[in-house]
Amino acid sequence: MPILFDSFNEWRSYCDTHALAIWEPVLIYEQEQRGRAEAQIWEKLAQAYAVMKDAVHTGLEQDMTSISGMIDNGGKKVRDCKVSGLGENFQKLVSYTLAAKELNACMGRVVAAPTAGASGIMPGMLVTLEELHGIPHRKMMEVMLVAAGIALIIEQRASIAGAVGGCQAETGTAAAMGAGAVVYCLGGSLEQVFEAVAITIMNMLGLICDPVAGLVEIPCVKRNASGSVIAYAAAQIALAGDSAVIPVDEVIDAMGEVGASMEDKYKETALGGIANTPTAREIEKRVLVQKVEEVEE
């Protein structure tokens, strides 16, 4: 019976029944359900991670000023800031995440992990993790499979789209993927990986999607950075053996219920939340004028 990634319980049972590592069922899924050869899967994973790393480095090396002006080299500013609240590693995590997401806002090449709106979280977390702990390349590829499995289940049971479930669905899922990745890379058990996912989602539940002027810039970029921080906190809690108490599948179901009950104005429509503040409406008018002028030219 092939694994379909309908639940974390199924994932757990499949690993137990077949004596597999947590990443192996995802590889099997890609082979059996997607018809991909194993060599092709490893190659694509390596390509995706290379793009993630490049997004971080490009975001820190090149000018990251968006056309709207709302994005202005935040990654570099955090990296170069002389005041560090929690030390250089925390600063690195935030700057790397901002840099990768700013590249998306400036029309650069990113990996949708799981979406473009959340494309700073996985790169920021994984590149930081690899640098701090010297994680071998093969392990980084395995962790990409772990993260993919997490996203598959959330997509099935809730949503990964801001237009469907709010920002909890995008940055929440990306953060859950990153938290699980960190726990796996640092030697955590399957149960601890799942606990990290549950803790992350519990702490991002209800987050709305309210992009200013309809652009995936503000508050999206900053939310990517905060998502990385929440994910690392969840990973640390899980690695310490502290339980989420609520089983991960139930947490994901709650995420789906919250997303379904969320008003449409909080789902990527730019009609509510931060997008409906006076300053945001002024920015929206300015952006609209810019678009009209571009069309006339």
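**Reading the model**

Author: Begin with one residue and its surroundings. Leaving aside neighbours within four places in sequence, Q91 touches V78, R79, C81, V83 and S84. Keep in mind that this is a predicted model.

Reader: Does Q91 count as buried or exposed?

Author: Buried means under 20% relative accessible area. Q91 has 12% relative accessibility, so Q91 counts as buried.

Reader: How do I describe two helices that pack together?

Author: Two numbers are used: the angle between the axes and the distance between the axes. Take helix 9 (residues 167-185) and helix 11 (residues 220-239): their axes come within 8 Å and cross at roughly 40 degrees. Helix 9 and helix 11 are therefore oblique to each other. Their crossing is right-handed.

Reader: Which residues make that contact?

Author: On helix 9 they are C167, T171, A175, A179, V182 and V183. On helix 11 they are R223, N224, G227, A231, Y232, A234, A235, A238 and L239. Sorted by type, the residues of this contact are 11 nonpolar, 3 polar and 1 charged.

Reader: At what angle do helix 2 and helix 7 pack?

Author: Helix 2 and helix 7 (residues 137-157) pack at about 70 degrees, with their axes 8 Å apart. Angles of 65 to 115 degrees count as roughly perpendicular, and helix 2 and helix 7 are therefore described that way. V26, L27 and Y29 of helix 2 meet L145, A148, G149 and L152 of helix 7. This contact has 6 nonpolar residues, 1 polar and no charged.

Reader: How many aromatic pairs are there?

Author: The count comes to 6 aromatic pairs. One of them is F8 with F194, an edge-to-face pair with 4.9 Å from centre to centre and 70 degrees between the planes. The pair links distant parts of the chain, since F8 is in helix 1 (residues 8-18) and F194 in helix 10 (residues 190-202), 186 residues apart. F8 is buried, with a relative accessible area of 0%, and F194 is buried at 2%.

Reader: Why is the pair of W23 and W42 edge-to-face?

Author: Planes over 60 degrees apart count as edge-to-face. The ring planes of W23 and W42 stand at 65 degrees, with centres 5.7 Å apart, so this pair is edge-to-face. W23 is in the loop between helix 1 and helix 2, while W42 is in helix 3 (residues 38-61). Both W23 and W42 are buried.

Reader: Which residues do ring pairs link into a cluster?

Author: The cluster consists of F5, F8, W11, Y29 and F194. F5 is in the segment before helix 1 and is buried, with a relative accessible area of 1%. Its phi is near 55 degrees, a positive value in a residue other than glycine. V245 also has a positive phi, near 75 degrees. V245 lies in the loop between helix 11 and helix 12 and counts as exposed at 67% relative accessibility.

Notes
Residues are numbered from 1 along each chain as its sequence is written. This is a predicted model: local features need pLDDT of at least 70, side-chain atom pairs count only at pLDDT 80 or more; totals for chains, interfaces and linings use all residues. Side-chain values use heavy atoms; hydrogens and water are left out. Axes are lines fitted to C-alpha atoms, for helices over the stretch in contact, and angles run from 0 to 180 degrees between N-to-C directions. Helices (H or I, at least four residues) and strands (E, at least two) are DSSP runs, numbered from the N terminus. Angles under 35 degrees count as roughly parallel, over 145 as roughly antiparallel, 65 to 115 as roughly perpendicular and the rest as oblique. A crossing is left-handed if the near helix is turned anticlockwise from the far one by less than a right angle, and right-handed if clockwise. Contact means heavy atoms within 4.5 Å. Ala, Val, Leu, Ile, Met, Phe, Trp, Tyr, Cys and Pro count as nonpolar, Asp, Glu, Lys and Arg as charged, and the others, Gly among them, as polar. Rings of Phe, Tyr and Trp (its six-membered ring) pair if their centres lie within 6.5 Å; planes under 30 degrees apart count as stacked, over 60 as edge-to-face and the rest as tilted. Buried means under 20% relative accessible area, exposed over 50%, partly exposed in between (1.4 Å probe, protein chains only).
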